[in-house]
Amino acid sequence: MNFDLHKHQPACLTDEIASYIDGELDLKREQVLEAHLADCDHCRGELNRQRMFLCSLNASLKNEGELDLPPDFAKRIVANAESTVSGLRRPRERFNALFICAGLFLFALFALGAGAMNFFEGVYNIFDQITAVVGFFGHLVYSVFLGVAIVLRSLSSQFRIDSVITVALTAVFMMLALFISRKMLRTRRA
Ligand SMILES: [Zn+2]
C-alpha cells in the first residue's frame with residue numbers, strides 16, 4: 001500500500017558515467033547524474049569500477065614493459081620454440097634431422113630428374129618391370145623399416161609433442177621412400 005516509500009527511480013544513467021569521469025557533461029547533466037548517483041547503488045558501483053579501471057590502465061601504461069611482460073619473456077618464447085623443434089638438440093636427433101634432410105634431398109633430386117627421365121622411357125616389357133620391382137622391393141622394405149626404426153628409436157625418449165612428430169615423419173618418410181623407389185625404377189630402365 002505504501003508505494004510512496006519507494007521513490008520512483010528514474011532510469012539509470014550508466015551511459016553517461018564515462019563522460020562524467022572525463023568531465024564532458026555540461027553542468028546540468030552533471031547535476032542530474034550526481035543526484036542520481038546519490039540515490040543509486042548500481043550507478044555508484046559502476047562509477048567506482050570505471051574509475052578503478054582507468055587507474056589501473058594509467059598505471060600499466062606508465063610502467064609499460066615492466067608490469068605486463070615478465071623479465072624472462074623473450075627467453076621463455078625462445079625456449080618454447082626450441083622445445084617445439086627439439087629434434088635438433090641432441091646428437092642422435094641431429095642425425096635424425098640429417099637423415100630426413102637427405103631423404104628430402106633425394107626426393108628433390110629425383111623429382112627434378114623425373115621430367116628428363118620421361119623422355120628416355122621407351123617401350124619396356126612387363127617382365128623387366130616385375131623383375132625390377134621384386135629386386136628393389138626387398139631393398140625398399142629394408143630401407144623403409146630401417147628408417148622408421150631409426151626415427152622411432154631416436155624419438156622414443158620424448159613422448160609429448162614428439163610422438164605426433166614421429167608419426168608425421170614416419171608417414172612422410174614412407175611416402176618419400178615409395179616415391180624415390182618409383183623414380184629409381186624408371187632411372188634403371190633408362
Ligand atoms: Zn542508476
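This is a short tour of the structure, stop by stop.

**Before you start.** The model is predicted, so local features need pLDDT of at least 70 and side-chain atom pairs count only at pLDDT 80 or more, while totals for chains, interfaces and linings use all residues. Residues are numbered from 1 along each chain as its sequence is written, and side-chain values use heavy atoms, with hydrogens and water left out.

**Stop 1: the whole chain.** Show the chain as a cartoon. You will find seven helices and zero strands. Along the sequence the pattern reads α-α-α-α-α-α-α. Here helices (H or I, at least four residues) and strands (E, at least two) are DSSP runs, numbered from the N terminus. The chain has 190 residues, and 22% of them are buried. Buried means under 20% relative accessible area, exposed over 50%, and partly exposed in between, with a 1.4 Å probe and protein chains only. Take the contacts (heavy atoms within 4.5 Å). Of those with a separation of 6 or more, 66% join residues 24 or more positions apart.

**Stop 2: Glu-16.** Select Glu-16 in helix α1, residues 14-21. Glu-16 counts as buried because its relative accessibility is 18%. Now show Arg-29. The side chains of Glu-16 and Arg-29 are joined by a polar contact of 2.4 Å. A polar contact is a pair of N or O atoms within 3.5 Å; within protein, one must be able to donate a hydrogen and the other to accept it, and residues adjacent in sequence count only if both atoms are side-chain atoms. With neighbours within four places in sequence left aside, Glu-16 is in contact with Leu-25, Arg-29 and Leu-33.

Stop 3: Select Cys-40, then Cys-55. Cys-40 is buried, because its relative accessible area is 5%. Cys-55 is exposed, because its value is 54%. A disulfide is a pair of cysteine sulfur atoms within 2.5 Å. By this rule there are zero disulfides.

**Stop 4: the cavity.** Select Phe-99, Ile-100, Gly-103, Leu-169, Val-172, Phe-173 and Leu-176, which line the largest cavity. Two elements, α5 (91-120) and α7 (162-189), each give two or more residues to this lining. α7 gives the most, with four residues. On a 1 Å grid over the protein atoms alone, a cavity is a set of points where a 1.4 Å probe fits but cannot get out, and lining residues have an atom within 4 Å of a point.

Technical notes: On a 1 Å grid over the protein atoms alone, a cavity is a set of points where a 1.4 Å probe fits but cannot get out, and a pocket is an open set with protein on both sides within 12 Å along at least five of seven lines; lining residues have an atom within 4 Å of a point.
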